[in-house]
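This report describes one protein chain, beginning with a single side-chain pair and then widening to the whole fold. The sequence and model are shown below.

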Amino acid sequence: MRTIFIFTLFLTNTLLLSAQNFCGVISLTISKDSKTAPASMYVCDGNLLIRYNLEANGQANSVDYLVLNSGKKYLKYNIMGNEQGVELSDNDIKSSVQVEKVMRTGEKAQILGYECELVKILGKDGNITEVWITESSPVDYSSIAPYLKDDATAQSIHKLGLKGMPLKSVVKDKNGFELSSFQVTEINPNGVEKTLFVAPKLVVQPNQAR
């Protein structure tokens with residue numbers, strides 16, 4: 001579960017979505033520690049749900065990361081038919097990334113038919129994050145989402161004047177070894193069930209979620 005939680009933090013800290021004018025589903029794949037998992041991001045009315053569908057012993061399970069437009073954040077597990085929820089504090093999702101330099105490379109590529117621009121972010125730890133951003137997808141944002149306002153990566157890209165959506169991101173160490181990545185595989189703007197954005201029944205309070 002820790003690997004899944006790291007996936008979630010990495011994705012949330014990189015996507016930079018407030019998506020105030022978008023209501024739909026974004027499908028993607030996430031890789032970390034040589035493991036790849038599919039995920040779905042549901043966005044509507046300032047709410048965000050990232051869902052990982054897992055299978056164990058032939059039974060479907062899921063892990064959700066939920067951010068409500070009220071600012072409340074939760075992890076929700078549905079394992080073997082048993083649903084549990086944990087409310088997260090700001091400290092639980094605070095990014096540890098320290099940005100040294102951000103560069104617009106001018107390099108362009110097509111992803112899902114959208115023109116993207118490559119941005120490189122050099123961290124003080126020597127890691128390099130390569131982010132491909134498009135400004136022509138149906139997902140946009142006018143400002144950094146409230147739950148990302150303290151994230152260094154999000155702030156750095158925002159300051160470049162890019163208002164689009166990252167469709168691909170790769171984090172490499174100083175030797176060029178890939179540490180983690182995500183890539184959007186589909187954008188479906190046909191709406192989502194708003195019942196997805198409901199706080200789970202809690203089993204752990206925020207000050208206990210460590």
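The side chains of Ser-31 and Thr-36 are joined by a polar contact of 2.8 Å (a pair of N or O atoms within 3.5 Å; within protein, one must be able to donate a hydrogen and the other to accept it, and residues adjacent in sequence count only if both atoms are side-chain atoms). The model is predicted, so local features need pLDDT of at least 70 and side-chain atom pairs pLDDT 80 or more, whereas totals for chains, interfaces and linings use all residues. Residues are numbered from 1 along each chain as its sequence is written, and side-chain values use heavy atoms, without hydrogens and water.

Ser-31 lies 149 residues from Ser-180 along the chain, yet their C-alpha atoms are separated by 5.4 Å.

| Residue | Strand | Relative accessible area |
|---|---|---|
| Ser-31 | E1 (residues 24-32) | 19% |
| Thr-129 | E9 (residues 128-134) | 15% |

Leaving aside residues up to four places away in sequence, Thr-129 touches Val-119, Lys-120, Ile-121, Ser-169, Val-170 and Val-171 (contact means heavy atoms within 4.5 Å).

The chain as a whole has two helices and twelve strands, which are DSSP runs of at least four residues (H or I) and at least two (E), respectively, numbered from the N terminus. Their order from the N terminus is α-β-β-β-β-β-β-β-β-β-α-β-β-β. Of its 210 residues, 49% count as buried. Among contacts between residues at least 6 apart in sequence, 53% join residues at least 24 apart.

How values were computed
Buried < 20%, exposed > 50% of the residue type's maximum accessible area, 1.4 Å probe, protein only.
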